[in-house]
Amino acid sequence: MLCRAALSPLVRSPGWCFVLSPHAIAAISRLYLPHHNQRLRNESIRCWSNIPFITMPLSRAHGKSFAHRSELKHAKRIVVKLGSAVVTRGDECGLALGRLASIVEQVSMLQNQGREMMIVTSGAVAFGKQRLRHEILLSQSVRQALHSGQSQLKDMAIPVLEARACAAAGQSGLMALYEAMFTQYSICAAQILVTNLDFHDEQKRRNLNGTLHELLRMNIVPIINTNDAVVPPPEPNSDLQGVISVKDNDSLAARLAVEMKTDLLIVLSDVEGLFDSPPGSDDAKLIDIFYPGDQQSVTFGTKSRVGMGGMEAKVKAALWALQGGTSVVIANGTHPKISGHVITDIVEGKKVGTFFSEVKPAGPTVEQQGEMARAGGRTLAALQPEQRAEIIYRLADLLTDQREEILLANKKDLEEAENKGRLALPLLKRLSLSTSKLNSLAIGLRQIAASSQDSVGRVIRRTRIAKDLDLEQVTVPIGVLLVIFESRPDCLPQAHSNQILHHLTQEALSIHGVKDAVQLVNTREEVEDLCRLDKLIDLIIPRGSSQLVRNIQKAAKGIPVMGHSEGICHVYVDTDASVEKVTRIIRDSKCEYPAACNALETLLIHRDLLRTPLFDQIIDMLRVEQVKIHAGPKFASYLTFSPSEVKSLRTEYGDLECCIEVVDSVQEAVEHIHKYGSSHTDVIITENEETAEFFLQHVDSACVFWNASTRFSDGYRFGLGAEVGISTSRIHARGPVGIEGLLTTKWLLRGDNHVVSDFSEHGSMKYLHESLPLPQRNTN
């Protein structure tokens, strides 16, 4: 969850800021920053001296690493390690300027939030290599021009450049680039070059520690690198007991993080994180959380194309830092879709890369839950129809038999939600369970059980392709469903209710050994993680507000989402409406359950009904029911003293409120619904059959009714047995979705040594494509 924070002006010590004119800054940005980051340059130049920052209460006693990703937002002191593959271009000659600018922007954002940021960077060798190649080419071209009278650049051979020389030539340019970028955010950066001796010599180590603490105290970002111009080649197995040797920037970052009592070390590389086998190999899986002792389950591949260390070195450094009390995340800093926010995402606790933790969770991970649900679902689908029906009947009985326990758990949820005061009244009403609701649910389950004999495995098409070659299309379950119920930040209002219902569901499933087919998760972080498991989750069904649906659609990675937009349901009262029917239907549509998504939100009145007894009856009934009325623009123009004018005609109130608007005809009512509605449920009240049929045929909504309440838009009331969701999308399932909406099909072809070549122009067989009768359906 994002922390609330106050914006305040940025205060910097003038003695430690680069003071440059806007023209000088513009010149530096043109020189160093990529063209595609023009917005960043322009905005920074306009407000470089007064950038706001977020103050956050960031403090924690160092000693133990964070146990969970969600705690990373409390990290005060952070080291960001930039691997060679992150900083350098693909040709290993020069820097990836756009990527580097994005990283600096993220580090600056976190620094301006009050955090203490440090960077361990590679790139000096690549920067120097680019510079030296340029100098060599220039020198050779001059000599050749003097010698032969013409330039022969294409024939020049560039010698192999020694890494130390490249580092010496590149350090100053690399630091100048960092300084220019950070200056745009009014942040001062300082360079520190270290070697292994600086950590093993006690006096040098204390000096380094003191320097870094002083820089952080002055709000300066230290940029640390191994002094590759003088560093000797790494010696194998040179680690001292309990101390990691600085062989590369991975070990440097880990050693630095522990020395400085850092809360978080972010290691950016060119892979998504740690995999259980080399990335790109078959069945390689990204490890979400890595625990000490899990090394045996990992097969390491070759190291990166550039740099000193590989993934094995990163894991070793990460575990050493973790042991020293620093949390570690290894993530991809090169992917164009995520590199622009990878650092801030990690600090916000999002599931990025591999998180190293010393605390193993008590239960299975969401990936393991998804795998269990997949395996259990396949076993469940293979059961006989009678066995599946037995499970559903058993669940219906449990809901009835355990009614008191369920209602008691729900009462606890309601009391906790009310005490915390974070839920609006309509949402509290949605949380409430009652005996009648449980009875309705049990009845719906029994309807499903009765029809389950003919749901899965039903043959819906049979075709004789050729002699002894028959094709069938049969129904099968879609697969693993992720059903998400709405909650609010820091409050899981259905925790007790969910737990007992999940327990009863698993008890029913266990009679045929498929208990794991249904899993329960409770946190937003777990839901977000599940939304990425496109190989395990087949369909997501969000149950809640339109905002929830939009959030899930955004979070889902390659998984279809079946949901609805706002429940902006209309009732149109025609000139030929029955007086007796109007008030009954409107009252039921608005007042029976105003928090439901199928409740009336906008009442359309034909203009000729204004100032008639029928109109007065409608208004009087709404007042008696304490419904707050908002006037639409046209309705307000007819009134001398109107109710509060509606702010938007696309409003889902979810409470005892509604909008009243005036239309001139049924055609205008249809146009209004198409413009402002949500394609959920819309109603006409009229005794004119021709007008009603026009409305029914022309309104393009999932449910369109004549002389009936909007509240009939419900799977149970439709006789679907139960409603698993409502869809306003134009897909196979629209409106209330029951069991049929959760089925897809597969094709079964039964042949006898048939091959396609037999059906060629000179083949021995011909296609028949004859429709065959379907098996008789079980109507019992």
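**Cores, cysteines and crossing helices**

Visitor: Which residues does Leu268 touch, not counting residues up to four places away in sequence?
Guide: Contact means heavy atoms within 4.5 Å. Setting aside residues up to four places away in sequence, Leu268 touches Val80, Lys81, Leu82, Gly83, Val86, Ile103, Ala331, Asn332, Gly333, Val342 and Ile343.

Visitor: Before we go on, what do side-chain values use?
Guide: This is a predicted model, where local features need pLDDT of at least 70, side-chain atom pairs count only at pLDDT 80 or more, and totals for chains, interfaces and linings use all residues. Residues are numbered from 1 along each chain as its sequence is written, and with hydrogens and water left out, side-chain values use heavy atoms.

Visitor: Which residues touch the most other members of the largest nonpolar core?
Guide: A nonpolar core is a set of buried Ala, Val, Leu, Ile, Met, Phe, Trp, Tyr and Cys residues joined through side-chain atoms within 4.5 Å. Buried means under 20% relative accessible area, exposed over 50%, partly exposed in between (1.4 Å probe, protein chains only). Out of 41 residues, those touching the most other members are Leu82, Tyr178, Phe182, Leu264, Leu268, Ile343 and Ile346.

Visitor: How many residues are in the second, separate core?
Guide: Ala190, Ala257, Ala321 and Leu322 are among them. The count for this second core is 38.

Visitor: How many disulfides does the structure hold?
Guide: A disulfide is a pair of cysteine sulfur atoms within 2.5 Å. Take Cys597: its closest cysteine sulfur, in Cys569, is 6.9 Å away, so that's too far for a bond. The number of disulfides in the structure is 0.

Visitor: Are α13 and α16 roughly parallel or roughly antiparallel?
Guide: Axes are lines fitted to C-alpha atoms, for helices over the stretch in contact, with angles from 0 to 180 degrees between N-to-C directions. The axes of α13 (residues 385-401) and α16 (residues 435-451) come within 8 Å and cross at roughly 170°. Angles under 35 degrees count as roughly parallel, over 145 as roughly antiparallel, 65 to 115 as roughly perpendicular and the rest as oblique. That makes this pair roughly antiparallel.

Visitor: And which strand does Val329 lie in?
Guide: At 0% relative accessibility, Val329 counts as buried, and its contacts include Leu72, Leu264 and Phe355. Helices (H or I, at least four residues) and strands (E, at least two) are DSSP runs, numbered from the N terminus. The one that spans residues 327-332 and holds Val329 is β9.
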